[in-house]
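Hello,

Here is the structure I promised to pass on to you. Have a look at it first, and then read my notes below.

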Amino acid sequence: MESRPLVLGRYSLGIGDRFCMEGKAQLRAVKKALDKGVEIHPVWNKSNREHTIIGTEPISTRQEADAAAAEEQWKCSYFVDADHIGLKTVDRFLDACDYYTLDVADYIGKPATAEQTEICVAELTPILGTLKHPALDQQITLTIQDLRAFTAKYLFGLQEAAKIYEYLKAKKGDGTFITEVSIDESTRPQSPAELYLFLAGLAKKGVAVQTVAPKFSGAFLKGIDYVGDVKKFSQEFKSDLAVVDLAKKAFGLPEELKLSVHSGSDKFSLYPHIHALLNQYNAGVHLKTAGTTWLEEVIGLASDANGLVLAKKIYAQAFERIEELRKPYETVVDINVTNLPAPSEIAKLSSPEFIAILMHDRTNPRMNRDFRQLIHISFRVAAELGEEYMNGLRASRAAIERNVTDNLYIRHIQPLFLGGN
Ligand SMILES: [Zn+2]
């Protein structure tokens, strides 16, 4: 019997956490939205990079998600995302996941063969011309020169996405998993025209992409607000919504195809604009936020005396190891080392003082974005502390869970999906 392909839905939220302890607290935030009539599909994601750093296997994320859904009696769908995988890394995610983020950023800018290039140009030439859409302030004209420039830059990446997709289809079966294609960790943003051609290319190669993560202009850094021109971002996001809508209709891509925003947590200055545009154009979005939950864990820990000692210890070690810790996150953190407090200064702080520096409260002038980013990438240190850290997490359960739920619901879900603060 043919079963319907998996559907991601209009709104979805990438959650997940480093140590697989916060599934229930995260799900409670999504349930609060459902109580208000807004259905958001949770997607537990943990990238290959994070599993490798912590030394965990993807099955632990699946177990966390299933347990949370059962205990919280979650009746809507939910997914487990193999985040940022490629052909070399996908195998260990085959059993545990039903959502795959095919990361082809590293393949962009590398040349495809001349023969493949000519085939692609011939395939896509019929779609050239003028794009018009209510969300486009100016029409976009695509010429053969644009197509050639696009092919030189993106064809190799398209081929790689198709290879991973075919591999997954062969291993798991058609329609049994959600497909995201990500190019957010590439070095340059894509223009709306490039995004349109990229989606056209995926469609021609048979990749039933359900969500696509472009690199937007401005900086999407881990755990801090958007750095860039908000007005320019809104304009770009609006144009991207238009080309996604045009592409899915023109190329028979899944009806629910939508944008995915990575390093999407804490982009507080963008959420009201994204919300308004989604409403205006009846569009959906996927927002990935896993890292912010780890920061809430540290904040929760720091709220009692024993946990505070542990949180300070993590910072002191991270401060010494910053170069090593930021290496895997080169494109997504920007830490000004001279603005980091010395561990000896941090050691003197009370719980409220420590939390004030770390908590992402935009009205608090003490919040230190460099400190936050360093803590964001310091979960390797926590993982090395092993049982000492896990015991801390258990001891501070109530404070941590309250923080995790409130942070997701009040700071993320309300402004982005519900509107208003
Ligand atoms: Zn990403």
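Predicted model: local features only at pLDDT ≥ 70, side-chain atom pairs only at ≥ 80, totals over all residues.

Residues are numbered from 1 along each chain as its sequence is written.

Across the boundary, 28 residues of domain 1 are in contact with 26 residues of domain 2, where contact means that the C-beta atoms, placed from the backbone, lie within 7 Å. On the side of domain 1 that touches domain 2, the elements giving two or more residues are α1 (23–35), α2 (48–54) and α9 (290–301). Of these, α1 gives the most, with four residues.

**The overall picture**

You can count 17 helices and ten strands in the protein; helices (H or I, at least four residues) and strands (E, at least two) are DSSP runs, numbered from the N terminus. The radius of gyration, taken over C-alpha atoms, is 21 Å, close to the 22 Å that the globule rule gives for 421 residues, so the protein is as compact as a globular protein of that length. That rule is 2.2 Å times the number of residues to the power 0.38. Along its principal axes, the C-alpha trace spans about 65 × 50 × 40 Å.

Buried residues make up 48% of the 421 residues. A residue is called buried if 20 or more other C-beta atoms lie within 10 Å of its own, exposed if 12 or fewer, and partly exposed in between, with C-beta atoms placed from the backbone.

**The core**

Which residues touch the most other members of the largest nonpolar core? They are Tyr99, Ala161, Tyr196, Leu199, Leu202, Val298 and Ala311, out of 118 residues in that core. Helix α5 (residues 144–172) gives the most to this core, with ten residues, and at least three residues come from each of domain 1 and domain 2. A nonpolar core is a set of buried Ala, Val, Leu, Ile, Met, Phe, Trp, Tyr and Cys residues joined through C-beta atoms within 7 Å. If you leave aside neighbours within four places in sequence, Ala161 is in contact with Leu102, Val104, Val181, Leu202 and Val207.

Next, look for strand β7 (residues 178–182): five of its five residues are buried, so β7 is largely enclosed by the rest of the structure. In a regular strand the side chains alternate between the two faces of the sheet. Here both faces are covered, with Ile178, Glu180 and Ser182 on one side and Thr179 and Val181 on the other.

β7 pairs in the parallel sense with strand β4 (residues 99–103) over five bridges; strands pair if DSSP finds at least two bridges between them. In this pairing Tyr100 stands opposite Thr179. Three bridges join β7 to strand β8 (residues 211–213), also in parallel, and Val181 has Val212 as its bridge partner there.

**Two loop residues**

Cys20, in the loop between β1 (11–15) and α1, has a positive phi near 55 degrees. Ser263, in the loop between β9 (258–261) and α8 (271–280), has a positive phi near 45 degrees.

Enjoy exploring!

Terms used. Domains from an automatic or database assignment. Contact = placed C-beta atoms within 7 Å.
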